[in-house]
Number of protein chains: 2
Amino acid sequence: MIELRHQPMELRLRHTFRLARGDSDARQNLVVELEHEGLVGLGEAAPIARYGQDQASAARAVETMVERLNERAINPRHFATAAQSVAVEGQPSATAAFDMALRDLAGKRLGAPLYELLGLDPTATPVTSFTIGMDDPETVVAKVREASRFAVLKVKMGSAGDRKVIEAVRSVSDQPLRVDANEGWTLGEAGAHLAWLADKGVELVEQPLPAGRIEEMRQLRAMSPLPLFADESVGVAADIPKLAGAFDGINIKLMKCGGIGEALRMIATARAHGMQVMVGCMIESSLAITAAAHLAPLIDYADLDGNLLCVNDPFAGATVEGGRLVLPSGPGLGVQRRSTEDE
Amino acid sequence: MIELRHQPMELRLRHTFRLARGDSDARQNLVVELEHEGLVGLGEAAPIARYGQDQASAARAVETMVERLNERAINPRHFATAAQSVAVEGQPSATAAFDMALRDLAGKRLGAPLYELLGLDPTATPVTSFTIGMDDPETVVAKVREASRFAVLKVKMGSAGDRKVIEAVRSVSDQPLRVDANEGWTLGEAGAHLAWLADKGVELVEQPLPAGRIEEMRQLRAMSPLPLFADESVGVAADIPKLAGAFDGINIKLMKCGGIGEALRMIATARAHGMQVMVGCMIESSLAITAAAHLAPLIDYADLDGNLLCVNDPFAGATVEGGRLVLPSGPGLGVQRRSTEDE
C-alpha cells in the first residue's frame with residue numbers, strides 16, 4: 001500500500017507575469033507526498049490553465065491515481081511504468097508529480113541521487129536562462145540589472161510592442177538572449193521578427209507560430225536565420241516525428257509530458273531525428289525544477305528558472321552558480337523543505 | 001582508474017547453425033571485466049562478422065575504450081554516456097560489452113538489480129521464442145520436439161527450400177511461429193511467401209528484403225497480411241524514423257546498437273512512431289542474454305535464446321519458465337559464473 005498526502009502551494013511572483021495570454025501575480029500548484037515502506041517521495045504539479053487544469057483537478061487526479069495504484073496492487077518500485085499506467089486523462093501535471101515522487105522514493109530507497117540512477121554526470125549541466133517578463137522599458141531595464149548573474153536571458157515576446165523589450169534589454173546588457181514568441185506571430189510577422197532578432201544576439205526562438213501551424217513552420221524554418229524550438233507544438237514523444245523538418249529543437253516540460261520517464265523518451269526521440277533539446281518549466285518551486293534539472297546533463301539548453309521568479313519557494317534543491325545548474329547530491333531528487341519561507 | 005580484463009569465450013553450438021550467410025559450429029565471443037572501487041562489472045561482446053568484427057577487433061576496441069576512459073578521467077558511474085563517449089567506430093559489440101559492464105557495476109554498487117535501477121516490473125516479461133535452425137526436414141522435426149517447452153518458435157528462412165522447414169515444423173507442432181527471412185527474398189518472392197505463411201500460424205516476419213530496400217518494404221507492408229519487423233535494416237535509434245511506414249516493428253540487438261542505453265533510446269523512438277519492439281540476440285552466453293532480458297518488461301516480443309543454443313554456457317542468469325523470461329534478482333545484471341561448465 002502506498003499512502004498519499006497533498007497540499008496546495010501558492011507561489012507568489014516577484015514581478016507580475018505578463019504573458020501573451022494574460023497577467024499573473026501568483027500560481028496555485030500542488031505538492032504531492034507518496035509514502036511507501038517508511039520513506040516519503042515528493043512531487044509537484046503545476047497545472048496548466050491553457051489545457052483546462054487547475055489545483056483542484058490536479059488534486060483529484062493524484063487521488064484517483066493512488067487509488068488505482070493500490071487497487072491494482074502496482075508496486076511503486078516500478079516507477080518506469082507506474083505513473084503512466086494509472087494516469088488521469090488530461091492531467092499530465094498530476095502524472096508528472098506522481099512520477100517524480102516515485103523516482104524520489106526509489107532514490108531514497110537506494111541511497112542515490114536521481115542523476116546517479118540515470119547514470120548521468122551531475123557536473124555536465126548547461127547554463128540556464130532567466131526570464132525577463134514583458135513590461136514597460138524602464139521595468140525591463142531594472143529586471144535585466146537584477147539578472148546579471150545569469151549567463152543567458154529569455155525574453156517573452158508576442159505582442160505588438162515586441163521589439164521595445166529587446167531594445168530595452170540590449171540598452172543595458174549584451175548577455176545572449178533567447179526569445180519565446182508564445183505562438184504570438186503570423187508567418188509574415190515571424191519572418192520579419194526573425195531577421196531583426198538575428199542581428200540582436202538572439203540564439204534561438206521558441207514557438208513563433210500557433211501550435212498547429214506545422215506546414216507554415218516548415219516554410220519559416222527554411223528561411224529562418226535562427227534555430228526554432230517547439231513548445232506549445234510538442235507535449236509528448238509521439239508528437240515529435242511530425243515536427244522533424246519544422247523545428248530545430250523541442251522544449252520539454254515535465255508538466256506537459258507527464259514526468260521524467262516521458263521526458264527521457266522525448267530526448268531519445270528528438271535525438272533520433274537530429275533535433276536539439278531544451279528542458280523548460282512552468283512557474284514551479286524548487287521541487288519540480290530540481291526534478292527537471294536532473295535531466296540537464298542530457299540536454300543542450302536549460303530554461304529552469306520558474307523557482308527563481310517566486311518570492312516564497314518552500315523547497316531547496318538545484319541552484320544556479322555561474323549561470324550553470326548545480327544539482328543537489330542528496331538521495332532521490334535531493335530536495336529539502338526550507339525551515340522558514342525565504343521572503 | 002578503472003581496470004580492464006578480457007577473455008576469449010568460445011561458445012559451442014548444440015546444432016550446426018545454418019544461416020542464409022553460411023554455417024557455424026561455434027562462436028568466438030569476448031568476456032569483459034571492468035573493476036572499479038573493488039567491484040567487478042561483467043560484459044560480453046558477440047562480434048558480428050557481417051560488419052567486419054571479430055574477437056580480436058573487439059578485444060582491441062575494449063582496450064582502447066578503457067584507455068580513453070582513464071585518460072579523460074571519465075567516472076564509470078556515468079554509465080549513461082561513458083561507453084558511447086569512448087566507443088571505437090565500427091565496434092558496437094565492444095561498446096555493448098562496456099555499457100553492460102558499467103551498468104552491472106552500478107547495480108552492484110547500489111545493491112539493486114538492473115531492472116530495479118530502470119524501475120521495471122521483473123515479472124512483466126513476454127514469452128521468448130526458440131530458434132529452429134535451417135536443416136533437413138527430419139532434423140527440423142527432432143529439433144521441434146526438443147523445443148516443446150517454448151511457447152513460440154522462430155524459424156530461419158531465406159533459401160529456396162524455405163517452405164519445407166515450415167511444413168516440417170507444422171507436421172509436429174502447432175506452436176505459434178515467427179519467421180526470420182534474413183534479407184533472403186525479393187519483393188515478388190516476399191509477397192508470395194507472406195500470403196502462404198499467414199495460413200501457417202505465423203505471427204510476424206523479420207527482414208524479408210535486403211536491408212537497404214526501404215521503398216520496396218513500403219510496398220510490401222501495404223499488402224502484407226503479417227506484421228513485418230526490421231532487423232538488418234535497423235542498428236541504432238537514428239535509423240528508425242525512416243523505417244516508419246515500412247515496418248511494423250524493430251528488432252533491437254545490443255551487439256548492433258552498442259548497449260542498453262541505446263536500446264532504451266530505440267524503444268522510445270520506436271514507440272513514438274507507433275512501432276512495436278522486439279529484442280533479439282546473436283549467439284551469446286547467459287551474460288549478454290541476461291543484460292538484454294532486463295529490457296524485457298518494456299517490449300512486445302523477446303527472441304533471447306542465443307544461450308540456449310550453446311552447450312558450454314559459462315554463465316547463469318535469466319532463465320525461461322513456461323516460455324517466459326525469468327530475470328535473476330541479484331544486483332546489477334545478476335549474472336553468475338557457473339562453477340563447472342554445463343556440457
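In this predicted model, Pro331(A) is buried, because 20 other C-beta atoms lie within 10 Å and a count of 20 or more is what the term requires. This proline sits in the loop between strand 14 (324-326) and strand 15 (336-337) of chain A. Setting aside neighbours within four places in sequence, the contacts of Pro331(A) are Gly107(A), Lys108(A), Gly111(A), Ala112(A) and Pro113(A).

The next level to look at is the domain. Chain A is assigned two stretches, domain 1 (3-111) and domain 2 (117-337). Taken over C-alpha atoms, the centres of these domains of chain A are separated by 22 Å. Where they touch, domain 1 of chain A contributes 36 residues and domain 2 of chain A contributes 34 residues. On the side belonging to domain 1, at least two residues each come from strand 1 (3-19), strand 2 (22-36), strand 3 (39-45), helix 2 (82-85) and helix 3 of chain A. Helix 3 of chain A gives the most to this side, with 13 residues. Sorted by class, the side of domain 1 that touches domain 2 in chain A holds 19 nonpolar, 8 polar and 9 charged residues.

Chain A also meets a partner. The contact between the chains draws 27 residues from chain A and 27 residues from chain B. On the chain A side, helix 3 (92-110), helix 4 (114-117) and helix 10 (260-272) are the elements that give two or more residues. Helix 10 of chain A has the largest share, 6 residues. The classes on this side of chain A are 16 nonpolar, 6 polar and 5 charged residues.

Over in chain B, a sheet comes into view. This open sheet has 8 strands in the order 4-5-6-7-8-9-10-11, with parallel pairing. At its edges lie strand 4 (129-132) and strand 11 (301-302) of chain B, each of which pairs on one side only. Within the sheet, strand 7 (residues 202-206) and strand 8 (residues 228-230) of chain B pair in the parallel sense over 2 bridges. A residue-level example is Val205(B), whose bridge partner in strand 8 of chain B is Leu228(B).

Key
Residues are numbered from 1 along each chain as its sequence is written. Chains are lettered from A and ligands numbered from 1 in the order in which they are written. This is a predicted model: local features need pLDDT of at least 70, side-chain atom pairs count only at pLDDT 80 or more; totals for chains, interfaces and linings use all residues. Two residues are in contact if their C-beta atoms, placed from the backbone, lie within 7 Å. Helices (H or I, at least four residues) and strands (E, at least two) are DSSP runs, numbered from the N terminus. Ala, Val, Leu, Ile, Met, Phe, Trp, Tyr, Cys and Pro count as nonpolar, Asp, Glu, Lys and Arg as charged, and the others, Gly among them, as polar. A residue is buried if 20 or more other C-beta atoms lie within 10 Å of its own, exposed if 12 or fewer, and partly exposed in between; C-beta atoms are placed from the backbone. Two strands pair if DSSP finds at least two bridges between them. Domain bounds come from an automatic or database domain assignment.
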